[in-house]
Amino acid sequence: METKLTNEESLGIIHQMIATSKNNLKDNSFFFLLWGWLVLAASLSHFVLLQLQWSYAFLPWPILMNLGVIISIVAGYRMGKKTKVMSHIDKMMIYLWYGFLAVILILISMALLGRLNWITVYPTIIVLYGLGTFVSGGVLKFKPLILGGIACWLIAITAFFVQPQYVLLLTALSIIMAYLIPGYLLKSKS
Amino acid sequence: MFKDLDALLHNQLRLSIISILISVDSADFSHLLEKTGATKGNLSVQINKLKDAGYISVKKSFRKNYPLTTCKMTPKGVTAFENYVDAISAYLKKPSE
């Protein structure tokens with residue numbers, strides 16, 4: 001049997017249901033922390049290996065970044081299995097960071113093919129994850145991420161002007177500001 | 001003259017389902033069950049009515065061998081919901097009958 005609704009009851013239902021869906025902010029910190037630590041480890045070890053004048057000093061990058069992609073795919077798949085509801089924000093984040101991954105792969109491929117200079121690729125990537133972090137902060141309404149994004153841009157501008165090996169230290173600094181600090185703040189909040 | 005209220009939406013459970021779906025991208029059956037507090041049977045009947053009207057799309061799949069039903073608003077459903085809210089607002093603006 002269908003019960004008759006008054007108009008006020010109807011509005012009440014709409015308000016109540018929309019309100020319960022709104023407070024669904026999930027803990028998005030996992031990916032920020034994962035990539036934060038991996039990029040930090042890669043950039044610092046690359047820097048140290050360069051100081052030791054090892055000819056394959058860049059090697060931490062392909063190893064750690066591929067590891068990150070594998071962990072992300074597995075974790076993303078598992079989380080996707082568990083989630084009962086996908087918010088517009090979740091969907092937007094997925095598209096933003098998959099798009100980011102595609103852009104990074106294009107840049108790295110072009111650098112490997114010699115069409116782009118590695119010295120400019122690093123700061124360009126910092127500019128781009130600054131954008132991703134800034135947008136994520138905006139949609140999650142989380143200021144540390146917004147500030148982290150802005151910090152990335154300032155660091156990237158500096159990185160365009162310094163000696164190549166110091167770009168690695170700036171990369172490490174940018175990832176601490178944009179991923180690790182906001183990542184831990186986000187984690188402690190939820 | 002008042003607009004007629006969409007009879008399909010003017011029902012507590014169906015309106016609840018639509019109000020949840022309007023604010024998310026998609027939600028599965030157990031989420032709707034939890035948020036609406038309805039019984040499985042009733043929820044399933046009302047989801048089918050909304051699906052038959054073309055207001056929501058329903059995707060059936062499996063998760064760990066259990067059936068998984070994922071619901072999502074269609075553009076037609078969004079328009080219907082907007083019209084319903086407009087109609088309700090029109091009624092509420094009128095001081096008395």
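Two strands pair if DSSP finds at least two bridges between them. Strands (E, at least two residues) are DSSP runs, numbered from the N terminus. This is a predicted model: local features need pLDDT of at least 70, side-chain atom pairs count only at pLDDT 80 or more, and totals for chains, interfaces and linings use all residues. Residues are numbered from 1 along each chain as its sequence is written, chains are lettered from A in the order in which they are written, and side-chain values use heavy atoms, without hydrogens and water.

**View 1. Strand β3(B) and its partner β1(B).** Strand β1 (residues 26–28) of chain B runs antiparallel to strand β3 (residues 66–73) of chain B. The two are joined by 2 bridges. B:Asp28 stands opposite B:Thr70 in β3(B).

**View 2. The hairpin of β2(B) and β3(B)****.** Strand β2 (residues 56–63) of chain B pairs with β3(B) over 8 bridges, in the antiparallel sense. Here B:Lys59 is the residue opposite B:Thr70. The hairpin has 2 residues between the strands. B:Lys64 takes a positive phi near 50°.

**View 3. An aromatic pair in chain A****.** The whole structure holds 13 aromatic pairs over all chains (ring centres of Phe, Tyr and Trp, its six-membered ring, within 6.5 Å). The ring centres of A:Trp54 and A:Tyr56 lie 6.0 Å apart, with the planes at 70°, so this pair is edge-to-face (planes over 60 degrees apart). A:Trp54 is partly exposed at 40% relative accessibility (partly exposed: between buried, under 20%, and exposed, over 50%; 1.4 Å probe, protein chains only). A:Tyr56 is also partly exposed, at 48%.

**View 4. An aromatic cluster in chain A****.** One cluster is formed by A:Phe32, A:Trp97, A:Phe100, A:Tyr129 and A:Tyr179.

Terms used:
Phe/Tyr/Trp six-rings, centres within 6.5 Å; stacked < 30°, edge-to-face > 60°. Helix = DSSP H or I, 4+ residues; strand = E, 2+ residues; numbered from the N terminus.
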